[in-house]
Amino acid sequence: DYVLILNNDKVIDRHALKHLLAAAALVGSVGMLAAKVYSHNDPLRIQYAGAQEDAENARFTYRGAGQLDDGVSYEEILEMPYVYGAAFLVSTKAIADVGLLDERYFLCYEEMDWCNRMRKNGYGIYFVPKAIVWHRGESPSFGGKQSPLRTYFMERNELLWAERHMSTRAWLWLVVARTRMIVPVLGIRRI
């Protein structure tokens, strides 16, 4: 059994669920299966075609982001470190074993934390290219990509995620790096 998580600003292809379920039958211990996400305004422009993780720096990138889909580059089911949190299928067995999304995150990094917990418990995270979703735009809950709310939750939750999933040394390095980045923005000068 599975639960489909789909944000309200997504348009799902009528065959997407069928492709996600077919992929679940093909792969091993499934935690999550993510759809390929395109821009609604530019229907062949990729927003998400799988993920890459730089765990040492607590950074995540979307494969194919901003590229026009050539129909060749991102067409195989692959195991990934995490899913794009706007459109994915999650196993109810994995939920029972790992628990729900951690409410402390609220916005940003909640799916990354969930994926890490699933992977630590032996569940796979997969990208399914034939499952297609279009993203209509930035979530109104954020107020845009540069809004103070989004910036706050991205920075705060990155540190929360890092504290939970990185070594103490790596987490401290990240805190120092982010502090060096934020201090000039706040107008604080070195003495």
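Trainee: Where does glutamate 111 sit?

Mentor: Glutamate 111 is placed in helix α3. Keep in mind that we are reading a predicted model.

Trainee: Okay. Is glutamate 111 buried or exposed?

Mentor: Look at the relative accessible area, where under 20% means buried. Glutamate 111 has 9% relative accessibility, so it counts as buried.

Trainee: Which residues does glutamate 111 touch, once residues up to four places away in sequence are not counted?

Mentor: Val83, Gly85 and Leu101.

Trainee: And what about helix α3 as a whole: how many of its residues are buried?

Mentor: Go residue by residue along the helix, then count. Helix α3 covers residues 110–120, and eight of the 11 are buried, so the helix is largely enclosed by the rest of the structure. The buried ones are Glu111, Met112, Asp113, Trp114, Cys115, Asn116, Arg117 and Met118.

Trainee: How does helix geometry help me read a list like that?

Mentor: An α-helix has 3.6 residues a turn, so residues three or four places apart point the same way. Now hold that against the list: the buried residues of α3 include Glu111, Met112, Asp113 and Trp114.

Trainee: Let's take aspartate 113. Why does it count as buried?

Mentor: Aspartate 113 lies in helix α3. Aspartate 113 counts as buried because its relative accessibility is 0%. Leaving aside neighbours within four places in sequence, aspartate 113 is in contact with Asp102, Tyr105, Trp161, Arg164 and His165.

Trainee: What follows helix α3?

Mentor: Check the backbone angles there. Glycine 122 follows α3, and its phi is positive, near 85°.

Trainee: Now strands. How many residues of β8 are buried?

Mentor: Strand β8 spans residues 87–91 and five of the five are buried, so β8 is largely enclosed by the rest of the structure. With a strand, also ask which way each residue points. From β8, Ala87, Leu89 and Ser91 point one way, Phe88 and Val90 point the other way, and all are buried.

Trainee: Which strands pair with β8?

Mentor: For pairing, read the bridges and the direction. Strand β1, residues 2–6, runs antiparallel to β8 and is joined to it by five bridges. Strand β3, residues 30–39, also pairs with β8 in the antiparallel sense, over three bridges.

Trainee: Which residues in β8 partner tyrosine 2 and leucine 33?

Mentor: Tyrosine 2 has serine 91 as its bridge partner, and leucine 33 stands opposite leucine 89.

Trainee: Tyrosine 2 is in which strand, then, and how accessible is it?

Mentor: Tyrosine 2 belongs to strand β1. With a relative accessible area of 32%, tyrosine 2 is partly exposed.

Trainee: Which residues form the nonpolar patch on the surface?

Mentor: Look for nonpolar residues that show accessible area and sit together. Here they are Tyr2, Leu4, Leu6, Ile12, Leu17 and Leu21, with about 440 Å² of accessible area together. The elements giving two or more residues to the patch are β1 and α1 (16–26). The largest share, three residues, comes from β1.

Trainee: Can we zoom out? How many helices and strands are there, and in what pattern?

Mentor: The protein has five helices and nine strands, following β-β-α-β-β-β-β-β-β-α-α-β-α-α along the sequence. Of its 191 residues, 42% count as buried.

Trainee: What share of the contacts with a separation of 6 or more comes from residues 24 or more positions apart?

Mentor: That share is 72%.

Note on methods. Residues are numbered from 1 along each chain as its sequence is written. This is a predicted model: local features need pLDDT of at least 70, side-chain atom pairs count only at pLDDT 80 or more; totals for chains, interfaces and linings use all residues. Side-chain values use heavy atoms; hydrogens and water are left out. Helices (H or I, at least four residues) and strands (E, at least two) are DSSP runs, numbered from the N terminus. Buried means under 20% relative accessible area, exposed over 50%, partly exposed in between (1.4 Å probe, protein chains only). Contact means heavy atoms within 4.5 Å. Two strands pair if DSSP finds at least two bridges between them. Patches are made of residues with over 30% relative accessible area and no salt bridge: like charges are joined within 9 Å, nonpolar side chains (Val, Leu, Ile, Met, Phe, Trp, Tyr) within 5 Å. Accessible areas come from the Shrake-Rupley method with a 1.4 Å probe; for residues, only the protein chains shown count as cover. A salt bridge is a side-chain nitrogen of Lys or Arg within 4 Å of a carboxyl oxygen of Asp or Glu.
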